[in-house]
Amino acid sequence: MNYVSAENLSKSYGVKVLFKNISFHVNEGDKIAIVAKNGSGKSTLLKILMGKEIADGGEVVINKDIQVVLFDQEIDFDPKLSVEEFMMTLDSAPILALKKYHHALTSENPDDMETALAEMEIHKAWDLENEMEQILTQLKITDLSAKMGTLSGGQIKRIALAKLLTETRAEHRHTLLIMDEPTNHLDVEMVEWLENYLGKAKITLLLVTHDRYFLDAVCDKIWEMEDGNLYLHNGSYATYLENKMIREDNLNSTIDKANNLYRKELEWMRRQPKARTTKSKSRQDDFYETEKVAKTDTRKQTLELDFEMKRLGNKILELRNINKSFGEKVLFRDFSYQFQRGEKVGIVGKNGAGKSTLLNIIQGLEPQDSGEIETGETIKFGYFAQKGLQYKEDERVIDFIKEIGENFPLANGKTISASQFLRLFLFDDQTQYSPISKLSGGEKRRLHLMYILYQNPNFLIFDEPTNDLDLPTLTVLENFLQNFQGSLIIVSHDRYFMDRIVDHVLAFEGDGKIKEFVGNFSEYRENLKSEEKSPKTETPKVEKLEAPKESSAAVLTNSISKKKLSFKEQNELETIEKEMPKLEEKRNKILEQISDQTDYDKIAKFSSDLKEISEKLENLELRWLELQEN
């Protein structure tokens, strides 16, 4: 069954062409992801399909027997409504029948109940209330009396998601579900639940997301929007990347051939007399077509980040016995951690667990209840916060950046101007002199990122950096962060992003517990699942799953004084202390190899090697501790 057909669809804003003469079809059961740079027209295309915007040209035909439902990034709600009241604002026949039935239960008019029962039967609404409760429970929404205005952004997102999924179940019609960045502000547990739900559900889906694991798990088709065109790909994200590379290689080959022909034809054109003959007219036309192809510019603006980082001293950052609570809710209890030079730490946990609070405490933006923080004298933080840019009314992009400085130092010793730096971040001259208020959400996030890096920090702190960034920008940001020589803390629910960047995980498990784990996010999750499957025994609680990354022997030696050992034990201890740094070096090399790979088979092989080395390292560290305690 065909849901949507579009033929020769075009849309422009002034001189900027978003897309031109694109055609596509959406059929029942399709699960499609749209991939494009910010500003390419993704959201505009969705609005056209929803009837909220009109195309400049072309035609969109939506099957009259389907409903189109949008899950938008901006959620409209009345803050005075309770969660239950918000859920019941659905404008669908089964929901209205259910509301009439609830009203009839307290009505003294017997006709009300008769009418309500008839409508419940007609619209098959008897199971709807139960289904709604199941969805709310699965999304961890328990307090239905809470007012919407008192909830966090993540809670509101989950409730809106529950309402949407209830609507798609309530309507016994064919539904096209359109979702714009559905994973933003959801914690990992909720993202995985939604991923599993949408992957198995028999629905038709059009999705915009930057979460590549989510995309691969849910969608089987990718629409790529680039330079006003729409390219259709069947398969995974990796397949799309491969197809894109082949297309660009073919285009470059075509341009090379056109260039060769263009040079020959240009010679002929120059030799011709001013009065052209009729016979050569077609050759002249062919020349101009060849010239057009030959002069095609395939060079893409890329975001290249290579700056001169401020020097890091020996002391980075140390937290000692940090405590923080809000009333009876304990966020962390006696938390201690020593950050190492070049360490890339990922912080994970449910929304409200205290992740952002810890980031604020580290930077002195919020006080801890007790404990000490020692920050190195050379440390300069760069904080990419969720709240976004703070700017003056009508302030221009170029002026905003020049407030920091006119020039920016590069790693090669040279400098570039603020305007040149903006161009590296894909802000053309016209945009640079536009008010920040006119930028899209993604462009503001990109400008915010640039603003942080322009200050030349050596300790980066990122709180949900991937929200609203397009995939091309994310890829370059990931490459930059992999090569970043300073220290880094990332709070993110983007599993792909975390896997590429972090080498150490701090997991907020609730009730003040924070666990340490050496490895990337997926390895941590696998470890967690293994622990949940294994039978529980009464053993002392151990907070650390792995030893600190940087020179385990050195860190442990500083914290525990050596006891008297036998000659054999002393030799064993010395051997272990020599072996551990070698294993750590091997592990770090494998992590680098994994980060540079896109081949899943090779990644699997490297991951297997990494697991083996990590296990050896863990055994050595445990034996080291045993010897110290003798």
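## Nonpolar cores

In this predicted model, the largest nonpolar core comprises 97 residues, and those with the most contacts inside it are Leu161, Met179, Leu198, Leu447, Leu460, Leu481 and Ile490. For Ile490, once residues up to four places away in sequence are set aside, the residues touched are Val345, Gly346, Ile347, Phe462, Pro465, Leu481, Phe497, Met498, Ile501 and Val502.

## The six-stranded sheet

An open sheet of mixed pairing is built from six strands, which follow one another in the order β14-β17-β18-β12-β19-β20. Its edges are formed by β14 (381-384) and β20 (513-518), each of which pairs on one side only.

Leu460, which is among the residues with the most contacts inside the largest nonpolar core, stands opposite Leu488 in β18.

## Helices against the sheet

Helix α16 (residues 471-483) packs on the sheet, where it touches β12 (344-349), β17 and β18, and its direction makes about 145 degrees with that of β17. Helix α15 (residues 441-454) lies across β14 and β17, and runs at about 175 degrees to β14.

## Lys163 in helix α6

Lys163 belongs to helix α6, which spans residues 153-170. Is this lysine, Lys163, buried or exposed? Lys163 has a relative accessible area of 17%, and because burial is assigned under 20%, Lys163 counts as buried. When neighbours within four places in sequence are left aside, the contacts of Lys163 are with Phe86, Met87, Thr89 and Leu90.

## Confidence along the chain

The pLDDT of the protein chain averages 79, and 81% of the residues score at least 70. Among the elements of the chain, the highest mean pLDDT, 93, belongs to strand β13 (residues 370-375), whereas the lowest, 40, belongs to helix α19 (residues 552-559).

Two stretches call for separate mention. Over residues 298-303 the pLDDT is below 50, and this stretch has 15 contacts in the model beyond near neighbours in sequence. Residues 537-563 likewise have a pLDDT below 50, and for this stretch the model contains 56 contacts beyond near neighbours in sequence.

Conventions:
Residues are numbered from 1 along each chain as its sequence is written. This is a predicted model: local features need pLDDT of at least 70, side-chain atom pairs count only at pLDDT 80 or more; totals for chains, interfaces and linings use all residues. Side-chain values use heavy atoms; hydrogens and water are left out. Helices (H or I, at least four residues) and strands (E, at least two) are DSSP runs, numbered from the N terminus. Buried means under 20% relative accessible area, exposed over 50%, partly exposed in between (1.4 Å probe, protein chains only). Contact means heavy atoms within 4.5 Å. Two strands pair if DSSP finds at least two bridges between them. Axes are lines fitted to C-alpha atoms, for helices over the stretch in contact, and angles run from 0 to 180 degrees between N-to-C directions. pLDDT is the predictor's confidence in each residue, from 0 to 100. A nonpolar core is a set of buried Ala, Val, Leu, Ile, Met, Phe, Trp, Tyr and Cys residues joined through side-chain atoms within 4.5 Å.
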